[in-house]
Amino acid sequence: MELKICANTLCNSAFESKNAKKKFCSIRCKNQAAYMYNQKHYAWEAKMKKSRWKNIQILEYLLMQGHSKISLEQLKIMGFDFTAAHIPHKDENNFQVFQYGNIGMRIVSKTDCELFNIKTK
Ligand SMILES: [Zn+2]
(Lines give C-alpha, C1' and ligand atoms only; values in the text may rest on other atoms or scores of the structure.)
Protein backbone atom coordinates (compact mmCIF):
# COMPACT_ATOMS: atom_id res chain seq x y z
CA MET A 1 0.00 0.00 0.00
CA GLU A 2 1.14 3.45 -0.88
CA LEU A 3 -0.22 6.67 0.60
CA LYS A 4 -1.18 9.17 -2.07
CA ILE A 5 -2.85 12.56 -2.45
CA CYS A 6 -5.83 12.73 -4.80
CA ALA A 7 -4.94 14.60 -8.03
CA ASN A 8 -8.36 16.28 -8.06
CA THR A 9 -7.47 19.79 -6.81
CA LEU A 10 -10.95 20.17 -5.31
CA CYS A 11 -10.40 17.06 -3.19
CA ASN A 12 -6.71 16.67 -2.26
CA SER A 13 -7.62 13.83 0.09
CA ALA A 14 -5.09 11.25 1.16
CA PHE A 15 -5.83 7.70 0.03
CA GLU A 16 -4.10 4.35 -0.10
CA SER A 17 -3.58 2.34 -3.26
CA LYS A 18 -1.67 -0.70 -4.44
CA ASN A 19 -1.80 0.63 -8.00
CA ALA A 20 1.14 2.98 -8.73
CA LYS A 21 -0.73 4.58 -11.64
CA LYS A 22 -3.82 5.48 -9.64
CA LYS A 23 -4.03 9.30 -9.28
CA PHE A 24 -7.53 9.82 -7.92
CA CYS A 25 -9.19 8.61 -4.73
CA SER A 26 -12.48 7.75 -6.49
CA ILE A 27 -14.16 7.53 -9.88
CA ARG A 28 -16.09 10.67 -8.91
CA CYS A 29 -12.82 12.61 -8.47
CA LYS A 30 -11.46 11.25 -11.74
CA ASN A 31 -14.62 12.37 -13.58
CA GLN A 32 -14.65 15.76 -11.86
CA ALA A 33 -11.00 16.39 -12.80
CA ALA A 34 -11.69 15.42 -16.44
CA TYR A 35 -14.73 17.71 -16.49
CA MET A 36 -12.70 20.65 -15.11
CA TYR A 37 -9.90 20.00 -17.60
CA ASN A 38 -12.38 20.08 -20.50
CA GLN A 39 -14.07 23.22 -19.18
CA LYS A 40 -10.68 24.96 -19.01
CA HIS A 41 -8.99 23.72 -22.19
CA TYR A 42 -12.02 23.20 -24.43
CA ALA A 43 -14.27 26.00 -23.18
CA TRP A 44 -15.61 26.89 -26.64
CA GLU A 45 -16.48 23.27 -27.44
CA ALA A 46 -18.15 22.83 -24.06
CA LYS A 47 -20.23 25.98 -24.62
CA MET A 48 -21.24 24.87 -28.13
CA LYS A 49 -22.23 21.42 -26.89
CA LYS A 50 -24.39 22.98 -24.16
CA SER A 51 -25.96 25.43 -26.62
CA ARG A 52 -26.71 22.67 -29.13
CA TRP A 53 -28.49 20.64 -26.44
CA LYS A 54 -30.54 23.70 -25.47
CA ASN A 55 -31.40 24.24 -29.16
CA ILE A 56 -32.49 20.62 -29.49
CA GLN A 57 -34.72 20.94 -26.43
CA ILE A 58 -36.34 24.12 -27.82
CA LEU A 59 -37.01 22.49 -31.21
CA GLU A 60 -38.32 19.25 -29.67
CA TYR A 61 -40.66 21.27 -27.46
CA LEU A 62 -41.97 23.28 -30.42
CA LEU A 63 -42.56 20.19 -32.57
CA MET A 64 -44.25 18.41 -29.68
CA GLN A 65 -46.59 21.41 -29.32
CA GLY A 66 -47.40 21.13 -33.01
CA HIS A 67 -45.42 24.16 -34.22
CA SER A 68 -43.76 23.09 -37.45
CA LYS A 69 -43.27 26.63 -38.75
CA ILE A 70 -41.76 29.36 -36.60
CA SER A 71 -40.03 32.70 -37.03
CA LEU A 72 -36.32 32.98 -36.44
CA GLU A 73 -37.08 35.95 -34.17
CA GLN A 74 -39.30 33.76 -31.97
CA LEU A 75 -36.54 31.16 -31.72
CA LYS A 76 -34.11 33.89 -30.66
CA ILE A 77 -36.55 35.04 -27.95
CA MET A 78 -36.74 31.46 -26.68
CA GLY A 79 -32.95 31.42 -26.29
CA PHE A 80 -32.02 29.55 -29.46
CA ASP A 81 -28.31 29.99 -30.21
CA PHE A 82 -27.79 30.27 -33.99
CA THR A 83 -24.00 30.21 -33.58
CA ALA A 84 -24.14 26.61 -32.31
CA ALA A 85 -24.81 25.27 -35.80
CA HIS A 86 -23.07 22.71 -37.90
CA ILE A 87 -22.67 23.47 -41.60
CA PRO A 88 -26.11 23.05 -43.20
CA HIS A 89 -26.87 20.98 -46.27
CA LYS A 90 -29.17 22.06 -49.10
CA ASP A 91 -32.35 20.14 -49.79
CA GLU A 92 -33.91 19.43 -53.22
CA ASN A 93 -35.46 22.93 -53.27
CA ASN A 94 -32.13 24.57 -52.42
CA PHE A 95 -33.22 25.51 -48.87
CA GLN A 96 -30.60 25.36 -46.15
CA VAL A 97 -31.30 22.55 -43.66
CA PHE A 98 -29.67 22.49 -40.26
CA GLN A 99 -29.78 19.40 -38.09
CA TYR A 100 -30.26 19.49 -34.31
CA GLY A 101 -30.50 16.05 -32.82
CA ASN A 102 -33.28 14.27 -34.74
CA ILE A 103 -34.90 17.50 -35.91
CA GLY A 104 -34.32 19.24 -39.21
CA MET A 105 -34.63 23.03 -39.42
CA ARG A 106 -35.30 24.20 -42.98
CA ILE A 107 -34.71 27.94 -43.54
CA VAL A 108 -37.60 28.85 -45.86
CA SER A 109 -37.19 32.65 -45.85
CA LYS A 110 -35.15 35.40 -44.25
CA THR A 111 -37.52 35.34 -41.27
CA ASP A 112 -38.96 31.83 -40.97
CA CYS A 113 -38.03 28.21 -40.72
CA GLU A 114 -39.83 24.87 -40.81
CA LEU A 115 -39.17 22.05 -38.38
CA PHE A 116 -39.47 18.37 -39.17
CA ASN A 117 -38.48 15.05 -37.63
CA ILE A 118 -35.55 13.31 -39.21
CA LYS A 119 -36.20 9.61 -39.48
CA THR A 120 -33.81 7.49 -37.47
CA LYS A 121 -33.30 3.76 -37.68
ZN1 LIG B 1 -10.43 12.69 -4.49
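Which strand order does the open sheet of five strands have? Select the strands and you can read off β3-β7-β6-β5-β4, with antiparallel pairing; strands pair here if DSSP finds at least two bridges between them, and elements are DSSP runs numbered from the N terminus (helices H or I, at least four residues; strands E, at least two).

Before you go on: this is a predicted model, where local features need pLDDT of at least 70, side-chain atom pairs count only at pLDDT 80 or more, and totals for chains, interfaces and linings use all residues. Residues are numbered from 1 along each chain as its sequence is written.

Colour by pLDDT, the predictor's confidence in each residue from 0 to 100. The mean is 95, and 100% of residues reach 70 or more.

Now pick the sheet's edge strands, β3 (69-71) and β4 (89-90), each of which pairs on one side only. Stay on β3: three bridges join it to β7 (residues 112-117), and the two run antiparallel. Zoom in on K69 and you'll find E114 of β7 standing opposite.

Next, select helix α2 (residues 43-64), which packs on the sheet and touches β3, β5 (96-100), β6 (103-107) and β7. Contact takes C-beta atoms, placed from the backbone, within 7 Å. The direction of α2 makes about 85° with that of β6; axes are lines fitted to C-alpha atoms, for helices over the stretch in contact, with angles from 0 to 180 degrees between N-to-C directions.

Last stop, the domains: select 2-41 for domain 1 and 48-117 for domain 2, with bounds from an automatic or database domain assignment. Their C-alpha centres lie 40 Å apart.

Definitions and conventions: Contact = placed C-beta atoms within 7 Å.
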